[in-house]
Amino acid sequence: MKKADLVDKLAEDVGVSKTIAAKAIDSITDGITQALKKKDGKVTLVGFGSFTKVRRKARKGRNPQTGEEIKIKACNVVKFSPGKKLKESV
């Protein structure tokens, strides 16, 4: 499902225009992004799942083309853990 499909579904289910539905989806994604930028970033949607910010340590890797060893910097990544209802429905 793409964002446009999600906008169509939301507009149909709620009975609003597609522009309002698109603004609502943009607002939700912006809110999740802003919450994850915080120091202890976590967003929990009960029944659906949780988004958490995790720090990935620096590590060594290999360039697949040359086989040369490279350093991979430490970075923050987002981890999604599905909730109980989502697990059961899938």
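1. Helix 2, in this predicted model, has 20 residues that should span 28 Å at 1.5 Å a residue, and its end C-alpha atoms lie 29 Å apart, which agrees. The expected span is 1.5 Å times one less than the number of residues, while helices (H or I, at least four residues) and strands (E, at least two) are DSSP runs numbered from the N terminus.

2. The buried residues of helix 2 are Ala21, Ile25, Ile32 and Leu36, where buried means under 20% relative accessible area, exposed over 50% and partly exposed in between (1.4 Å probe, protein chains only). They cover an arc of only 45° around the axis, which puts them on the same side of helix 2; the arc is that of the directions from the helix axis to the C-beta atoms.

3. The face of helix 2 turned away from its buried side carries the exposed residues Thr19, Lys23 and Lys37. Ile28, which also belongs to helix 2 (residues 18-37), is exposed with a relative accessible area of 52%.

4. Helix 1 (residues 3-14) reaches 16 Å from its first C-alpha to its last, close to the 16 Å expected for its twelve residues, and just after helix 1 Gly15 takes a positive phi of about 80°.

5. Strand 1 and strand 2 form a hairpin with three residues between them, and Gly47 in the turn has a positive phi of about 90°.

6. Residues are numbered from 1 along each chain as its sequence is written. Local features need pLDDT of at least 70, side-chain atom pairs count only at pLDDT 80 or more, totals for chains, interfaces and linings use all residues, and side-chain values use heavy atoms, with hydrogens and water left out.

Note on methods. Pairing = 2+ DSSP bridges.
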